Structure formats: C-alpha cells, structure tokens
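This report describes one structure, shown below. It starts with a pair of charged residues and then moves out to the chain.

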Amino acid sequence: MNRKRILYYVLAFFVFLFLNGLIRRHSPYEEWKDGNLLVNSVIALFFTIIVVLIDNGVRYWKRRHKNA
C-alpha cells in the first residue's frame, strides 16, 4: 500500500470519529450522549474497516477486469 491510500484511510477514520461524536452529541436519546472516546473510536474503526474493504474490493475488481 502506498502512503496516499493510508493517509486516505486515516482521514476517513477521523472523519467518522468526528461525525460519530457530532451525531451522538445532538441525539435526542440520553443513552447515546455519552462522550466515551473508546466507544466512539471503535465505531469509527468499524466504519473505516468497511471503507477499506470496499476500496480494496473496487481496486481488485478494476485490476481484474482491466487485464481480462
């Protein structure tokens, strides 16, 4: 993997972390309003892993169909 892709994934993690915190802070449900960094980080990591898997799948598909 090159540095540009890793930087893209790190940026995606921080965007998901920020959005998760923002959504939880403005949620109408009281049980969601906790500011637990560990919980927010795990949720952001989960979404980042999904982005990584989708990105790798798309790159694999493009590479495979380009050579066919």
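## Salt bridges

D55 and R59 are 4 residues apart in helix α2, so about one helical turn separates them. Their side chains meet in a salt bridge, 3.1 Å from N to O. A salt bridge here is a side-chain nitrogen of Lys or Arg within 4 Å of a carboxyl oxygen of Asp or Glu. By this rule the count comes to 2 salt bridges.

The side chains of R5 and D55 also meet in a salt bridge, at 3.9 Å from N to O. R5 lies in helix α1 and D55 in helix α2, so this pair ties together parts that are 50 residues apart in sequence. Salt bridges that share partners join R5, D55 and R59 into one network.

The model is predicted: local features need pLDDT of at least 70 and side-chain atom pairs count only at pLDDT 80 or more, while totals for chains, interfaces and linings use all residues. Residues are numbered from 1 along each chain as its sequence is written, and side-chain values use heavy atoms, with hydrogens and water left out.

The table lists the accessibility of residues in the salt bridges and in the aromatic pairs described below. Buried means under 20% relative accessible area, exposed over 50%, and partly exposed in between (1.4 Å probe, protein chains only).

| Residue | Relative accessible area | Class |
|---|---|---|
| R5 | 18% | buried |
| D55 | 15% | buried |
| R59 | 37% | partly exposed |
| Y8 | 44% | partly exposed |
| Y9 | 8% | buried |
| F14 | 49% | partly exposed |

## Aromatic pairs

Rings of Phe, Tyr and Trp (its six-membered ring) pair if their centres lie within 6.5 Å; planes under 30 degrees apart count as stacked, over 60 as edge-to-face and the rest as tilted. A search of the whole structure finds 4 aromatic pairs. In one of them, the ring centres of Y8 and Y9 are 5.6 Å apart and the planes stand at 55°, so the pair is tilted. F13 and F14 form an edge-to-face pair, with 5.4 Å centre to centre and 70° between the planes. Ring pairs also link F16, F46 and F47 into a cluster.

## Helices and overall form

The protein chain has 2 helices and 0 strands. Helices (H or I, at least four residues) and strands (E, at least two) are DSSP runs, numbered from the N terminus. The radius of gyration of the chain is 16 Å, well over the 11 Å that the globule rule gives for 68 residues, so the chain is more spread out than a compact globule. This radius is taken over C-alpha atoms, and the rule is 2.2 Å times the number of residues to the power 0.38. Along the principal axes, the C-alpha atoms fill a box of roughly 55 × 20 × 15 Å. Of the 68 residues, 18% count as buried.

Helix α2 covers residues 37-67, 31 residues in total, and reaches 44 Å from its first C-alpha to its last, close to the 45 Å expected at 1.5 Å a residue. The expected span is 1.5 Å times one less than the number of residues. N40, A44, T48, V51 and D55 are buried in α2. What covers the buried residues of α2 includes α1 (3-25).

Conventions:
Contact means heavy atoms within 4.5 Å.
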